[in-house]
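Let's take a friendly walk through a structure. Have the sequence and the 3D view ready as you read.

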2 protein chains.
Amino acid sequence: MVYRYGATRTGRDRFRVDSAHRENGTSGASGQETQESARQRIICAAIDLYGEHGFDGVTVKTIAQRAGASAPLVIHHFGSKAGLRTACDRYVAEQFSRVKTESVRRGSMPRNVAHEAVMANRHLVKYLMRAFVAGGPEVDLLFDQLVEDSLVYTAEAEEIGLVYPSRNPRHRAVVLLLQSFGGLVLHRHMERHLGMSLVQEDPDPEGLDAYMATLMELYTRPLFNAEAYSELLGAEQAEQAPESSAL
Amino acid sequence: MVYRYGATRTGRDRFRVDSAHRENGTSGASGQETQESARQRIICAAIDLYGEHGFDGVTVKTIAQRAGASAPLVIHHFGSKAGLRTACDRYVAEQFSRVKTESVRRGSMPRNVAHEAVMANRHLVKYLMRAFVAGGPEVDLLFDQLVEDSLVYTAEAEEIGLVYPSRNPRHRAVVLLLQSFGGLVLHRHMERHLGMSLVQEDPDPEGLDAYMATLMELYTRPLFNAEAYSELLGAEQAEQAPESSAL
DNA sequence: TGAGGTGCTGAATATCCGTTCAGCCCCGAG
DNA sequence: CTCGGGGCTGAACGGATATTCAGCACCTCA
């Protein structure tokens, strides 16, 4: 009963990381990998269940069962439930960095990296969203790295003329990242309203196209009329209202 | 030891709702309100603590202590912890609708409503973000109402010429709402990177201005060069990549 | 063959937490 | 004054859960 991510490898799954790639816990781990090590199975099960039900919605026993192991074994390997949590954080961070390095080695266009990486590793992303709202040292670091990567990619895109420059590229990167993740964290409501979300099992193409079209509209055309806005702002007497219904 | 929201009423607090406004549980509740009822105190304490630590991070006992009551009293009033949760959901939804109706009665510009409402009711917003990611009937309904409201406001803004029309206003409203809430849900990282967040205690003005400037830049000027983008898209052979690093 | 070590488990433990119970205080009605 | 009831509490209960413990199976090396 070995648990395995996903089902079939479609064309879009180029970016999926191999879940069987073992992260060596102790340096001299005597290799015995006729099949996935229990430690690895536990981590994968935990990531899936945590991503689905949140950190507090899953018991150690449930994770162990899903991994085909016993609860004490989980403790044996990770010391405690918190230890498992940080192990998962580390594992996810490592996998994401692997995705990144592999995609640059493959010479992919940077503009595809993030999106395809998300699509191909839903479990990891779902976990990551939970982790981002919960916070934690490992995961904060990962977020920071995403900001840096985003800055690099955006700069490259600027040079091609694909992206317009910003007065404060770093701030723009952070805000864009936060906004993008917002749609993932609240995928529940995205599913309810748009009929799809990026992390659901089988996103139907038309819903995805609708979402992408909306994003493209938002990002290729202005939303506010800047002149009308500042005009209106000047017309109102003392109302200090720097922003609009966009929160 | 009566717990009370906030401290002093500044000019910006026009939109704050009166936390003492009692929601009548049983219809014929014999009124005895020399001070805030315990039921109300418990709800306020729960909203604060839930918003701060999440639904699973707080015990009934903690809530009771904060409200100056005992754990059994919480159960006595709400039946169970889940009952308290739905009572909080209902209360928050009611407060938000109150904010809305009061602001329209006051004749405020709709474009200010959302932003100022957020600023003035941080506890409610913090709770709401937790509730949005957790989901639930009451809270889903509230989200849907926010979408509808946003549609109305945006339509009005369109007529003034403040906002440009969209091919699919509803989709745009949903995506904008999700993106905006993303920044609130992940306020942790917004604080770490921008030095402020909309739900923190005392947002320093310069950080807020920086954030607003970033938002305005994003919403008044295009981010992508549409021509360059579609050109690039046509140039690439079979790469089906509908979107970019914006996730 | 035996010793030791590793991976793993079932049962037991300790703790926490939501909930129940029996009863107190206080106030208003008869 | 007495009765009754509502608001409220301390103590106890029961279930769930992370963690510990003692030991089993198996494998390796002497």
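The report below looks at a helix pair and then at a DNA strand, using a predicted model.

## Two helices that meet

Two packed helices are described by the angle between their axes and the distance between the axes. Here, helix α8 of chain A (residues 169-185) packs with helix α10 of chain B (residues 205-220) at about 75°, and their axes are 10 Å apart. That angle makes α8(A) roughly perpendicular to α10(B), because angles of 65 to 115 degrees are counted that way.

Which residues of α8(A) meet α10(B)? They are H171(A), R172(A), V175(A), L176(A) and Q179(A). Their partners in α10(B) include Y211(B), L215(B) and L218(B). Sorted by class, this contact has seven nonpolar, three polar and two charged residues.

## Around DNA strand D

Now turn to DNA strand D.

Which part of DNA strand D lies within 4 Å of the protein? Of those atoms, 78% belong to sugar or phosphate, and the rest belong to bases.

## Contacts with phosphate oxygens

A polar backbone atom of V60(A) is 3.0 Å from a phosphate oxygen of DNA strand D. In the side chain of S70(B), an N or O atom is 2.6 Å from a phosphate oxygen, and for a polar side-chain atom of H77(B) the distance to a phosphate oxygen is 3.2 Å.

Helix α3 (71-78) of chain A and α3 (71-78) of chain B are the elements that give two or more residues to the surface near DNA strand D. The largest share, three residues, comes from α3(B).

Definitions and conventions. Residues are numbered from 1 along each chain as its sequence is written. Chains are lettered from A and ligands numbered from 1 in the order in which they are written. This is a predicted model: local features need pLDDT of at least 70, side-chain atom pairs count only at pLDDT 80 or more; totals for chains, interfaces and linings use all residues. Side-chain values use heavy atoms; hydrogens and water are left out. Axes are lines fitted to C-alpha atoms, for helices over the stretch in contact, and angles run from 0 to 180 degrees between N-to-C directions. Helices (H or I, at least four residues) and strands (E, at least two) are DSSP runs, numbered from the N terminus. Angles under 35 degrees count as roughly parallel, over 145 as roughly antiparallel, 65 to 115 as roughly perpendicular and the rest as oblique. Contact means heavy atoms within 4.5 Å. Ala, Val, Leu, Ile, Met, Phe, Trp, Tyr, Cys and Pro count as nonpolar, Asp, Glu, Lys and Arg as charged, and the others, Gly among them, as polar. A residue is near a molecule or strand if one of its heavy atoms lies within 4 Å of it. A polar contact is a pair of N or O atoms within 3.5 Å; within protein, one must be able to donate a hydrogen and the other to accept it, and residues adjacent in sequence count only if both atoms are side-chain atoms.
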